[in-house]
Amino acid sequence: MRKVLLFAPLFALLAAAFWFAGAAWVHLGGDAIPMYGWFAIGGGVVFSLLVGGGLMALVFYSSRHGYDDLSGGDGRG
C-alpha cells in the first residue's frame, strides 16, 4: 500500500506534465524543423550519450583500480 501511495501521485504528476507538454506543442506550433536541424539534434543526443558513457566508464575504471581510495592515514574519513 505504501508503494501505491508513493507512486500514484508521481504518475499523476507525470501524466500532467505530458498533458501540458502536448497542449503547449499544439498551441504554440511554430515552423517545421529543417533536415539539418534534425541532424543537429541527433548529433547532440549521440554526443551527450558518448560523453555520459565515457564519464561512467572513467568512474568504474577509477573505482576498480583503487584511484578512489584514501591516499594515507588510518582509513577513517
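Ser 62 is buried, with a relative accessible area of 17%. Buried here means under 20% relative accessible area, exposed means over 50%, and partly exposed lies in between, using a 1.4 Å probe and protein chains only. Ser 62 sits in helix α2. Leaving out residues up to four places away in sequence, Ser 62 touches Tyr 67 and Asp 68. A contact is heavy atoms within 4.5 Å.

A word on the source. This is a predicted model, where local features need pLDDT of at least 70, side-chain atom pairs count only at pLDDT 80 or more, and totals for chains, interfaces and linings use all residues. Residues are numbered from 1 along each chain as its sequence is written, and side-chain values use heavy atoms, with hydrogens and water left out.

Now the overall picture. The chain has 2 helices and 0 strands. These are DSSP runs, numbered from the N terminus: helices are H or I with at least four residues, strands are E with at least two. Of the 77 residues in the chain, buried ones make up 3%. The accessible surface is about 7400 Å², and 73% of that belongs to carbon and sulfur atoms. Those areas come from the Shrake-Rupley method with a 1.4 Å probe; for residues, only the protein chains shown count as cover.

Next, the helices. What span should the 27 residues of α1 have? At 1.5 Å a residue, 39 Å, and the end C-alpha atoms are 39 Å apart, which agrees. The expected span is 1.5 Å times one less than the number of residues. Just after α1, Gly 29 has a positive phi of about 60 degrees. Helix α2 covers residues 35-64. Its 30 residues should span 44 Å, and its end C-alpha atoms are 43 Å apart, which agrees. Just after α2 comes Gly 66, with a positive phi of about 85 degrees.

Phe 7 and Phe 11 have ring centres 6.4 Å apart and planes at 40 degrees, so the pair is tilted. The rule: rings of Phe, Tyr and Trp (its six-membered ring) pair if their centres lie within 6.5 Å; planes under 30 degrees apart are stacked, over 60 edge-to-face, the rest tilted. Phe 7 and Phe 11 are 4 residues apart in helix α1, so about one helical turn separates them. Phe 7 is partly exposed at 40%. Phe 11 is exposed at 55% relative accessibility.

Last one. Leu 10 is also in helix α1, and Leu 10 is partly exposed at 46% relative accessibility.
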